[in-house]
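Hi,

Here is the structure I promised to pass on to you. Have a look at it first, and then read my notes below.

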Amino acid sequence: MSSGSRTLFRGGIFTVFNGAIAAVPLVARVVCPRLTTSLSQRVAAVSRSQISTRLQLERLEADTLPNGTHAGFDVNEMARIVQRMLDGIGLQSRFSRIVAVIGHGSSSLNNPHESAYDCGACGGGRGGPNARAFAIMANDSRVRAIVATRGIAIPEETFFVAGMQDTCSDTVVWFDADRVPKTHSADMRLLDLACRKAGASDARERCRRFDSAPLNVTAAAALRHVSQRAGDLAQVRPELGPVWRLLERVAAAEQAWIDWLGAKRASVNRSVRDSFPNRSDGDRG
């Protein structure tokens with residue numbers, strides 16, 4: 001923005017002009033939210049396919065940051081992270097050709113509690129960046145050599161691929177897919193197909209609880225429906241659905257718990273009466 005736009009006259013013109021432009025997508029989302037969401041997703045998909053990025057994880061300089069920490073990791077630190085993660089999930093042998101490391105997060109347009117649906121272990125953020133960083137570490141030959149000396153031998157043909165599941169749209173986005181070796185292309189296609197099928201099945205199950213979706217919705221239509229809900233301004237809880245349905249499930253769970261306690265108490269009372277058939281309720285002796 002130039003200094004001329006800060007004057008009263010030019011600033012007013014810029015404000016009106018930019019406000020009119022910003023109103024176009026806003027009105028479009030209100031009038032035709034599903035079409036607007038579909039177009040936005042297509043544009044985003046094209047942008048992601050054209051922009052290739054790389055994470056620089058290795059610390060190349062010994063300088064510390066102002067807060068006393070370092071930017072990035074050295075090889076030994078990366079090896080410790082990989083070892084602890086594999087030990088923690090019990091993956092120490094029998095590695096497959098492709099190991100999927102998938103974080104999760106949620107994306108919606110008008111949910112005031114959106115971050116509550118993201119990864120709690122990531123500090124309320126999306127888990128995709130952490131999954132991407134771990135996959136890069138685990139694919140590093142130097143890291144694997146160190147981890148092997150600690151009892152975890154990762155086969156040379158094993159490749160770690162990172163992704164993030166959007167739990168609102170039931171889709172999985174893969175990171176650094178262009179780094180997958182050509183020898184693993186068929187395995188990657190099978191993995192992606194399995195994730196797509198699982199996402200469509202989950203979307204269909206979720207749509208059973210949405211008033212905005214028909215009961216006989218197909219898996220493909222359900223996947224489109226939940227994806228469009230994420231970009232709908234009218235959906236303040238696109239992933240969860242109406243609050244009253246949640247309250248119904250909570251109330252049903254509470255009632256089931258109360259019924260179980262009542263049945264358990266009645267069973268205990270019967271056992272006591274059977275054990276002491278001649279003892280009256282008022283007998284304290």
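Asp187 and Arg97 meet through their side chains in a salt bridge, at 3.1 Å from N to O. By salt bridge I mean a side-chain nitrogen of Lys or Arg within 4 Å of a carboxyl oxygen of Asp or Glu. Asp187 lies in helix 6 (residues 185–207) and Arg97 in the loop between helix 3 and strand 1 (98–105), so this pair ties together parts that are 90 residues apart in sequence. Helices (H or I, at least four residues) and strands (E, at least two) are DSSP runs, numbered from the N terminus. Asp187 counts as partly exposed, at 26% relative accessibility, and Arg97 is partly exposed at 33%. The terms work like this: buried is under 20% relative accessible area, exposed is over 50%, and partly exposed is in between (1.4 Å probe, protein chains only).

Please keep in mind that this is a predicted model: local features need pLDDT of at least 70, side-chain atom pairs count only at pLDDT 80 or more, and totals for chains, interfaces and linings use all residues. Residues are numbered from 1 along each chain as its sequence is written, and side-chain values use heavy atoms, with hydrogens and water left out.

How many salt bridges are there by this rule? The count is 12. Another of them joins Arg132 and Asp176, whose closest N and O atoms are 2.9 Å apart. Arg132 sits in helix 4 (residues 128–139) and Asp176 in the loop between strand 3 (171–175) and helix 6, so they tie together parts 44 residues apart in sequence. Both Arg132 and Asp176 are buried. They also belong to a network of salt bridges that links Arg54, Arg132, Asp176 and Asp178.

Arg59 and Asp74 form a salt bridge too, at 3.4 Å from N to O. Both lie in the loop between helix 2 (33–50) and helix 3 (75–89), so the pair ties together parts that are 15 residues apart in sequence. Arg59 counts as buried at 18% relative accessibility, while Asp74 is partly exposed at 27%.

Three strands make an open sheet in the order 1-2-3, with mixed pairing; two strands pair if DSSP finds at least two bridges between them. Strand 1 and strand 3 are the edge strands, each pairing on one side only. Strand 2 (residues 159–166) and strand 3 run antiparallel and are joined by five bridges. Asp166 stands opposite Thr171 in strand 3.

Enjoy exploring!
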